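Take a walk through this model with the coordinates open. We start with terms, then look at helix packing, and end in the loops.

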Amino acid sequence: MSSGLLQPRMMFDVTGHGDTAIFLLHGIGGNRHTWPALIDALSQAGYCAVACDLPGYGASAAVAPYTLEQVALSCLQCMDTVGARRAVLLGHSMGGMVAQTVAALAPDSIDGLVLYATSAAFGRPDGNWQRDFVRQRTAPLDAGRSMSELAQDLVARMVGPDASAQSITAAVAAMGAVPPETYRAALGALVAFDRRADLPNIAVPTLALAAENDGNAPPAVLQKMAQRIPGAEYVCLPRAGHLAHLETPAAFNAAALAFLSRHFPAAPATSPMPPRPSRFL
């Protein structure tokens, strides 16, 4: 595994040497370390896994203003730096919104999408609802609670019946490490998101990946997205919640790899990948 550091300080890790790079974009409570089982599965299957810290997370500096468009531009920098022959974005929740934004801003830059536990618009098109949502989510922080305390409450409500104690602990640790200012900024970006009109314009192989017990991104939402994207596939993972990649990693990895193998058969890199030391661009 090697690491890179992008201006403005977007950190990413690269594992594997295939000519198809799978860019892993985490959700609002994640970071680049929340994909261990998937990274192993991808690299063993002949793909290049690129796990990113989105701006403001982990070792990556925030962007200003903090919008999904600005985050998407940082992702495009990362994709240019890695320089793989084919690029597939796998985005979880907020990361899926970032992936849709990349697809809208630079459609020729991507070859495929896995939109996982996400949606094409956030909540209701009602400013009052959006403000109430942000206020509810930030109220614990306003009351002096820590991100770790907030994470313990939220993660318990996100997972399905088969989530192990280990997966819950990992999710709580990841969310607890999110800087409060990043969490607040990301919430503000989420409630402004609406890419519904762009779905019919997606022209690359796309998988809408849902989880049966996901109350944040219900299966019906993902199924409807798939119906609006030409040729998209839809898969729903049984007995999993919003964090299926941690809760039921074997089933999650199997679904992702089945899609990738159909549309992007793994092959050795046709030329050496570019050097990937930590660096600024």
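A residue is called buried under 20% relative accessible area, exposed over 50%, and partly exposed in between (1.4 Å probe, protein chains only). This is a predicted model: local features need pLDDT of at least 70, side-chain atom pairs count only at pLDDT 80 or more, and totals for chains, interfaces and linings use all residues. Residues are numbered from 1 along each chain as its sequence is written, and side-chain values use heavy atoms, with hydrogens and water left out. Helices (H or I, at least four residues) and strands (E, at least two) are DSSP runs, numbered from the N terminus.

Begin with a helix pair. Helix H1 spans residues 36-44 and helix H10 residues 249-263. Their axes come within 10 Å and cross at roughly 40 degrees. Axes here are lines fitted to C-alpha atoms, for helices over the stretch in contact, and angles run from 0 to 180 degrees between N-to-C directions. The crossing of H1 with H10 is right-handed, that is, the near helix is turned clockwise from the far one by less than a right angle. H1 brings Ala 37, Leu 38, Ala 41 and Leu 42 to the contact, meaning heavy atoms within 4.5 Å. H10 answers with Pro 249, Phe 252, Asn 253, Leu 257 and Leu 260. By class, this contact has 8 nonpolar residues, 1 polar and no charged ones. Ala, Val, Leu, Ile, Met, Phe, Trp, Tyr, Cys and Pro count as nonpolar; Asp, Glu, Lys and Arg as charged; the others, Gly among them, as polar.

Now turn to helix H8, residues 219-228. Which of its residues are buried? They are Pro 219, Leu 222, Met 225 and Ala 226. These cover an arc of only 125 degrees around the axis, so they lie on the same side of H8. The arc is that of the directions from the helix axis to the C-beta atoms. An α-helix has 3.6 residues a turn, so residues three or four places apart point the same way. The buried residues of H8 pack against helix H3 (94-105) and strands S6 (112-116), S7 (206-211) and S8 (233-237). The face turned away from that buried side carries exposed Ala 220, Lys 224 and Gln 227.

Finally, the loops. Between S6 and helix H4 (127-142) sits Ala 117. Its phi is positive, about 50 degrees, although Ala 117 is not a glycine. Ala 117 is buried, at 2% relative accessibility. Arg 239 lies in the loop between S8 and helix H9 (244-247). Arg 239 has a positive phi of about 60 degrees, and is not a glycine either.
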